[in-house]
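Please open the structure in a viewer and keep the residue selection tool at hand.

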Amino acid sequence: MVTLVNLRAYWRFFVVLYQFFPLIVAYSRDRRRFVLFGRSRQVDAETQAKRANVLLDSLLTLGPTFIKLGQLLSTRPDILPPAYVDVLSRLQDDVPPAPWAEAQTVLEEEVGPIDDVYDDFDREPISGASLGQVYTATYRGEEVAVKIRRPGIETLVEADLRVVRWSLPLIQRFIGEGRAFSLENLADEFAKTIRQEMDYSREGRVLTTIRGNFADDDDIRIPELREEVSGPRVLTMEYLPGIKINDLETLDERGIDRTELATRLQRIYLQMIIDDGDFHADPHPGNLAVDDDGAIIFYDFGMSGQVEPFIQEKIVDFYIAVANQDIDGILDALIEMGTLSPEADRQVMGDVMELAIADARGEDIEQYRVQQIVEQVESTIYEFPLRLPRNLALVLRVATVVEGVCVTLDPDFDFISVATDYLTDQGYREETIKRVVSETGDQLQETTRSLFRVPPKLERVLDTVERDDLTVNVRIEDRNDVLSKLARRIVYGFLLAVGVLSTAILYAFDGVEPAAVAAVATLPVVFLLYRSFKRKTGLKARPQFTRQNLRQRRGD
């Protein structure tokens, strides 16, 4: 198995290199116009869009692993420019299904002979994706959907993951240091993510968890898992047919209120992210449907995420700040979540936020969309590179994709109004106000204590000054000998000035020979002054931790 993966990885590396060769040449010419020499060149937005489309075609050609990689890259504005993110966000996980004979082998290895386990099994798949394909069947008299992992996908994915890892040093030559760090972390995250998606046992657990979170909600339907005929490579679950959520004509024929449907979809995702912490992370129209009663059906939980409580709290702060048009609150929330660099210019970012909100409002001052705000933020994130936590990147992706679905359902959909109503209904806005009041109260108490503590201390200090009894001890730490180096340079400079002046005077009054003696005597000073500037041990910080002293500390 290992040998097969290695051989396949070597072959795939050359295939990938060949596929990306035009882009490699283009990026090389960006650094040096004639590859080996010449100045760098600037790339405009139109050229970036063309290259992004070339990248998209290459990813589709290379198959399942790289399709997934492209989808993940579309959530990372800290790595790719906005033009690339926009193009890759259209990447669809839709590939031709594998032959039935191969899928049958996987199915029977997991659950046993098909005719013994299922009452009936349709050999034609109803959908095909990069990692698996879905069939319909009858199990114990109930119609079910059976998701089977694509045959041989494990070997291909492992080989491609090695190719991605081998390609990193080449790619890092064309990007900055900050993005190189993000890219290396992305490679680790991608390997973890795609292995998780191939583990259908994990998907079954996530599906069951989220289904339990909405057990009492009639507005959402999630298939029930049939654990006895499921495993790491096969999922058997309740079959829930429905109308595709972007099939507007059929929805209208059934009399389903699309505005109300969009509102429910948004509230469902707000509950997943803000309240529950476990969320479905792939909400494109192919994974969302509507039943005859108007309930929203969710499919495919292979891509999912979790939000930790701290991030949940900051997301609430962000939504409330957007609703209140509190620019400082928006920036504080983004910085605390890690999506915006603390080094960013707050004035510039504040202007970006104000422009985004004003642009989103349009003619109706009450209507504006958070997607436009997020897009502006993503553009600025690329200008200030940083590493986005994986699940926070998924949250950003979910926010934009869900809002896109909602706007498709209702072009006048008011995301902020729905989010504000949800936060109010759940008591979050009241909790935020209480927290602010509490924090303000604590600050007032501390200020009051200080008002009582400071005057007596200040009076004692003033009495000491009045008695001329005040002594100030100043201790200067100079671990790197900076002051002594500066002192030596001043002395050397003074001696050199004296030597040059003496040489000039002797030359003017006593002739060449005495002046030459003075000049020779001055040469050592010149050498010492030159060396004091030349040595690399000048104004440089001393490292606090090294591998060697870390080992010594461990040994101690």
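Which strands and which helix each supply at least two residues of the lining of the second largest pocket? They are strand 2 (127-128), strand 3 (132-139), strand 4 (142-149), strand 6 (234-238), strand 7 (243-244) and strand 9 (288-290), together with helix 9 (200-213). Please bear in mind throughout that this is a predicted model.

**The second largest pocket**

Select Ser127, Val134, Gly286, Asn287 and Tyr299: of the 41 residues that line this pocket, these are the closest to its centre. The space in the second largest pocket amounts to about 920 Å³. By class, its lining consists of 20 nonpolar, eleven polar and ten charged residues.

**Two loop residues**

Proceed to Arg140, in the loop between strand 3 and strand 4. Arg140 is not a glycine, yet its phi is positive, at about 55 degrees. With a relative accessible area of 66%, Arg140 counts as exposed, because that value is over 50%.

Select Asp300 next, in the loop that runs between strand 10 (296-298) and strand 11 (304-306). Asp300 also has a positive phi, of about 60 degrees, although it is not a glycine. Is Asp300 buried, exposed or partly exposed? Its relative accessible area is 28%, and Asp300 is therefore partly exposed.

**The second largest cavity**

Select Lys68, Gln71, Leu72, Thr193 and Met303, which lie nearest its centre among the eleven residues of the lining. Helix 3 (64-73), helix 8 (177-198) and helix 16 (390-409) are the elements that give two or more residues to this lining. Helix 8 provides the largest share, four residues. The lining of the second largest cavity comprises five nonpolar, three polar and three charged residues.

**Helix 2 and helix 3**

On the side of helix 2, the contact is made by Leu59, Leu60 and Leu62, and on the side of helix 3 by Pro64, Phe66, Ile67 and Gly70. This contact has six nonpolar residues, one polar residue and no charged ones.

**Helix 11 and helix 12**

Select helix 11 (residues 258-276) and helix 12 (residues 309-323). Their axes cross at roughly 130 degrees and come within 8 Å. Helix 11 is therefore oblique to helix 12. To see where they meet, select Leu270, Ile273, Ile274, Asp275 and Asp276 in helix 11, with Gln312, Ile315, Val316 and Tyr319 in helix 12. The residues of this contact divide into six nonpolar, one polar and two charged.

Remain in helix 11 and pick Gln271. Why does Gln271 count as buried? Its relative accessible area is 19%, and buried means under 20%, so Gln271 falls within the cut-off. Leaving aside residues up to four places away in sequence, Gln271 touches Asn213, Phe214, Asp276 and Tyr422.

**Helix 13**

Finish at helix 13 (residues 327-337), where the buried residues are Ile327, Gly329, Ile330, Leu331, Ala333, Leu334 and Met337. Just after this helix, select Gly338, which takes a positive phi of about 95 degrees.

Definitions and conventions. Residues are numbered from 1 along each chain as its sequence is written. This is a predicted model: local features need pLDDT of at least 70, side-chain atom pairs count only at pLDDT 80 or more; totals for chains, interfaces and linings use all residues. Side-chain values use heavy atoms; hydrogens and water are left out. On a 1 Å grid over the protein atoms alone, a cavity is a set of points where a 1.4 Å probe fits but cannot get out, and a pocket is an open set with protein on both sides within 12 Å along at least five of seven lines; lining residues have an atom within 4 Å of a point. Ala, Val, Leu, Ile, Met, Phe, Trp, Tyr, Cys and Pro count as nonpolar, Asp, Glu, Lys and Arg as charged, and the others, Gly among them, as polar. Axes are lines fitted to C-alpha atoms, for helices over the stretch in contact, and angles run from 0 to 180 degrees between N-to-C directions. Angles under 35 degrees count as roughly parallel, over 145 as roughly antiparallel, 65 to 115 as roughly perpendicular and the rest as oblique. Contact means heavy atoms within 4.5 Å. Grid points are joined across faces, edges and corners, and a volume is the space filled by probe spheres set on the points. Buried means under 20% relative accessible area, exposed over 50%, partly exposed in between (1.4 Å probe, protein chains only).
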